[in-house]
Amino acid sequence: MELPSSVSVVSIFTLLLISQWVAFATSPCHFPAIFNFGDSNSDTGGLSAVFGQAPPPHGESYFHHPAGRYCDGRLIIDFIAKSFGLPYLSAYLDSVGSNFTHGANFATAGSTIRPQNSTLHQSGFSPISLDVQWNEFYDFHRRSQIIRSQGGVYKKLLPKAEDFSHALYTFDIGQNDLTSGYFSNMTSSEVKAYVPDVLDQFKNIVSYIYGQGGRNFWIHNTGPFGCLAYVLERIPISAAEVDRSGCGTPFNEVAQYFNRGLKKVVFQLRKKLPLAAITYVDVYSVKYKLISQARKHGFNESLRACCGHGGKYNYNRQLGCGAKRTVGGKEILVGKSCKDPSKWISWDGVHYTQAANKWIFDRIVDGSFSDPPVPLKMACQRQPVH
């Protein structure tokens with residue numbers, strides 16, 4: 001038998017390497033844990049643990065009781081965890097019944113990327129900004145392994161050391177940085193002026209997590225907050241500034257400005273962090289598509305809140321979802337839920353219903369709105385930087 005030439009041997013070897021790479025690149029990722037950073041869009045109980053539980057009817061559609069979420073049921077992060085067969089994430093700040101074997105959630109409702117120079121009661125924004133969430137994660141990473149080494153129940157409640165480098169790191173934060181400016185009577189130009197600083201701080205935190213071994217990042221951009229009742233009700237705009245879907249154009253333009261900057265930051269991070277797989281997810285487009293074509297997608301209400309009290313949008317800042325009034329010595333629930341939240345997009349004028357969250361998740365899970373266009377289950381695959 002004639003032996004193959006050296007060229008043929010090299011060719012066969014090259015083909016084997018390519019086939020192995022293709023098999024690797026097309027095989028689903030195994031994420032043993034998820035570590036989430038964010039605001040109320042992904043808070044599974046952080047703010048409730050610190051400042052008091054989100055009251056009924058929050059949680060009514062799925063948990064049938066308050067579950068730390070500002071929603072009638074589950075959030076996008078819950079559907080992400082479920083898609084990997086992982087339990088719903090316990091909030092890092094919640095000491096009751098938490099299990100961190102498969103990750104932890106550092107998000108709190110009202111959180112911003114850039115620290116706010118005010119209290120929660122003054123501004124409505126959480127003191128648990130992204131830098132604080134990073135500090136929590138850093139401490140959790142270190143101390144969890146010290147405690148886990150003691151064995152017993154701790155081994156069943158905390159992640160393994162190797163899980164931190166194989167985990168998925170998810171982010172959904174930035175909207176409150178923008179609305180905080182508007183609520184401080186800033187103009188759109190003034191809000192835009194500080195966006196670069198906000199994005200620099202975001203970039204730093206991702207880099208810090210990478211330094212702790214984080215490699216797989218799934219980053220949501222910010223949504224069209226100009227379509228949310230708590231903004232539309234609070235900040236006056238002219239009729240010419242309202243689009244055909246009833247959303248405030250100036251606010252959504254600022255959200256898109258932030259998102260363009262965030263996308264550039266992700267590109268910079270890919271160059272800076274060569275071992276990281278970083279996916280940018282355009283939830284803005286998905287959410288706006290849903291709101292602007294609500295009936296087409298099976299929803300009856302797009303802007304009005306399912307749970308609230310009074311006004312054009314069934315939203316009242318002083319009497320929100322779950323709010324009560326004392327009448328004749330008796331407490332009366334005035335912030336009531338609608339009959340069928342599954343037909344509404346907005347839960348409380350600030351957050352989305354479980355049905356809307358599921359609809360959004362179903363659109364982003366396959367990578368159709370991602371850069372690079374990889375599905376969630378492939379979010380560990382690094383893409384070449386051009």
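What we have is a predicted model, where local features need pLDDT of at least 70, side-chain atom pairs count only at pLDDT 80 or more, and totals for chains, interfaces and linings use all residues. Residues are numbered from 1 along each chain as its sequence is written, and side-chain values use heavy atoms, with hydrogens and water left out.

First, the overall build. The protein has 13 helices and ten strands; these are DSSP runs numbered from the N terminus, with helices being H or I of at least four residues and strands being E of at least two. Its radius of gyration, taken over C-alpha atoms, is 22 Å. The C-alpha trace spans about 100 × 55 × 40 Å along its principal axes.

Now to the sheet. Six strands make an open, mixed sheet, ordered β2-β1-β3-β4-β5-β10, where two strands pair if DSSP finds at least two bridges between them. At the edges sit β2 (103-105) and β10 (370-371), each pairing on one side only. Strands β4 (216-220) and β5 (277-281) run parallel and are joined by five bridges, with phenylalanine 217 opposite isoleucine 278 in β5. Helix α5 (130-148) packs on this sheet and touches β1, β2 and β3, its direction making about 155° with that of β1. Helix α3 (76-83) lies across β1, β3 and β4, at about 170° to β1. Contact here means heavy atoms within 4.5 Å; axes are lines fitted to C-alpha atoms, for helices over the stretch in contact, and angles run from 0 to 180 degrees between N-to-C directions.

On a 1 Å grid over the protein atoms alone, a cavity is a set of points where a 1.4 Å probe fits but cannot get out; a pocket is an open set with protein on both sides within 12 Å along at least five of seven lines; and lining residues have an atom within 4 Å of a point. Points are joined across faces, edges and corners, and a volume is the space filled by probe spheres set on them.

The largest pocket holds about 1,000 Å³. It has 35 lining residues, and Tyr70, Gly124, Tyr315, Val350 and His351 are the closest to its centre. Helix α4 gives the largest share of that lining, four residues.

There are two cavities of 30 Å³ or more. The largest has about 80 Å³, and its lining includes Tyr70, Asp172 and His351.

Last, some backbone details. Most residues other than glycine have a negative phi, and most peptide bonds are trans. Here, the bond from proline 56 to proline 57 is cis, with omega near 10°, and so is the one from aspartate 371 to proline 372, with omega near 0°. Asparagine 185 has a positive phi, near 70°, in the loop between α8 and α9. Thanks, all!

Definitions and conventions
Rg over C-alpha atoms; globule rule 2.2 N^0.38 Å.
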